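Visitor: I have a structure to look at and some quick questions about it. Could you put it up first?
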Amino acid sequence: MTVEEISPQSALALIEQGATLVDIRDTDEYAREHIPAARLLPLSSIEQGATFAASADTVVIFHCQSGNRTRNNQSRLITAAAPAQVKLLAGGIEAWRQAGLTTAVDKSQPLPLMRQVQIAAGVLILLGVVLGYSLSSAFFLLSAFVGAGLTFAGVTGFCGMARLLAVMPWNRRSSTNGV
C-alpha cells in the first residue's frame, strides 16, 4: 500500500486543521533542527515496536530529512499510526525549509552523529592519502583501515566510529521533546 506524499504547504494546512506532524529522524538530528509543530518518534523506536496513539479520524504526517526514510518505511509508519490516516511530507524537512517555512534551529547542539562520522572518515581518508604520497606509503594503511571500518559498518550495522563519537563531550548535551 502506498501512502500519499504531500507538499510542505499542504502539510502546513493539514497541521493547522489539527493533523499531527511526526519526525522520524534520530534524536540528535531533531535536537539540531526540527519543525516546531513536529513531535519526535525516531524510526529506530518504531522498528522496536513503538506506536503513535491516534484515532481513525486523525491525520498523521510523517517526515524525515529528505523524504527517503519515510518513503522506504511506509508500511512501518502505517502500522505505527494505525488506525490513523497516514501521509508523508514529500522532501522532508529539507523541502519544508526550501518552501520558506519555519524550522527551530539550535546551533549549540552538535551536528548529527552520522554527519560527524562522514566528516571524520573523510578527513582520515584524505589525511592517509596525503601523508601516504608525501611522507611514507605506510600511511595509506590509515585510509584502508577507515575504508574497512566503513564497509564493516555497512554490512553489520555496527559503526565503531559512531559509538566513539557518541561519547565525546560535545555530544552529551542534546535534549528533545519526544512523544
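Guide: What follows is a walk through this predicted model, from the overall chain to a few of its elements.

Visitor: What does the secondary structure come to in the protein chain?
Guide: The protein chain comes to 9 helices and 7 strands, and its C-alpha atoms fill a box of roughly 65 × 30 × 25 Å along the principal axes.

Visitor: And how many of the 179 residues are buried, as a percentage?
Guide: Buried residues make up 37% of the 179. The protein chain exposes about 9900 Å², with carbon and sulfur atoms supplying 58% of that area.

Visitor: What about contacts between residues at least 6 apart in sequence, what share join residues at least 24 apart?
Guide: That share is 71% within the protein chain.

Visitor: Charges next: how many positive and negative side chains are there?
Guide: There are 13 positive and 12 negative side chains, and the centres of the two sets lie 7 Å apart.

Visitor: Let's go to α1. Which of its residues are buried?
Guide: Helix α1 spans residues 8-16, and Pro-8, Ala-11 and Ile-15 are buried in it. These three cover an arc of only 60° around the axis, which puts them on the same side of α1.

Visitor: Why would residues three or four places apart point the same way?
Guide: An α-helix has 3.6 residues a turn, so residues at that spacing point the same way.

Visitor: What covers the buried residues of α1?
Guide: The cover includes the strands β1 (4-6), β2 (20-23), β5 (59-63) and β6 (85-89), together with helix α6 (92-98). Just after α1, Gly-18 takes a positive phi of about 110°.

Visitor: Switching to the strands, is β5 enclosed or open, and why?
Guide: β5 is largely enclosed by the rest of the structure, because 5 of its 5 residues are buried. Both of its faces are covered, with Val-59, Ile-61 and His-63 buried on one side and Val-60 and Phe-62 buried on the other. In a regular strand the side chains alternate between the two faces of the sheet.

Visitor: Which way does β2 run against β5, and over how many bridges?
Guide: β2 and β5 run parallel and are joined by 4 bridges, with Leu-21 standing opposite Ile-61 in β5.

Visitor: And how does β5 pair with β6?
Guide: β5 and β6 also pair in the parallel sense, over 4 bridges. Val-59 has Gln-85 of β6 as its bridge partner, and Ile-61 stands opposite Lys-87 in β6.

Visitor: What is the bridge partner of Glu-4 in β6?
Guide: The partner of Glu-4 is Lys-87, in the pairing of β1 with β6, which is parallel over 3 bridges. As for burial, 4 of the 5 residues of β6 are buried, so β6 is largely enclosed by the rest of the structure.

Visitor: Is the peptide bond from Ala-82 to Pro-83 cis or trans?
Guide: The bond from Ala-82 to Pro-83 is cis, with omega near 5°, and Pro-83 is found in the loop between α5 (74-81) and β6.

Visitor: Last one, where is Ser-44?
Guide: Ser-44 is in helix α3, which spans residues 43-47. Its relative accessibility is 35%, so Ser-44 counts as partly exposed. Ser-44 and Arg-25 are 19 residues apart in sequence, and their C-alpha atoms are 8.6 Å apart in space.

Note on methods
Residues are numbered from 1 along each chain as its sequence is written. This is a predicted model: local features need pLDDT of at least 70, side-chain atom pairs count only at pLDDT 80 or more; totals for chains, interfaces and linings use all residues. Side-chain values use heavy atoms; hydrogens and water are left out. Helices (H or I, at least four residues) and strands (E, at least two) are DSSP runs, numbered from the N terminus. Buried means under 20% relative accessible area, exposed over 50%, partly exposed in between (1.4 Å probe, protein chains only). Contact means heavy atoms within 4.5 Å. Accessible areas come from the Shrake-Rupley method with a 1.4 Å probe; for residues, only the protein chains shown count as cover. Lys and Arg count as positive and Asp and Glu as negative; His and the chain ends are not counted. The place of a charge is taken as NZ of Lys, CZ of Arg, CG of Asp or CD of Glu. The arc is that of the directions from the helix axis to the C-beta atoms. Two strands pair if DSSP finds at least two bridges between them.
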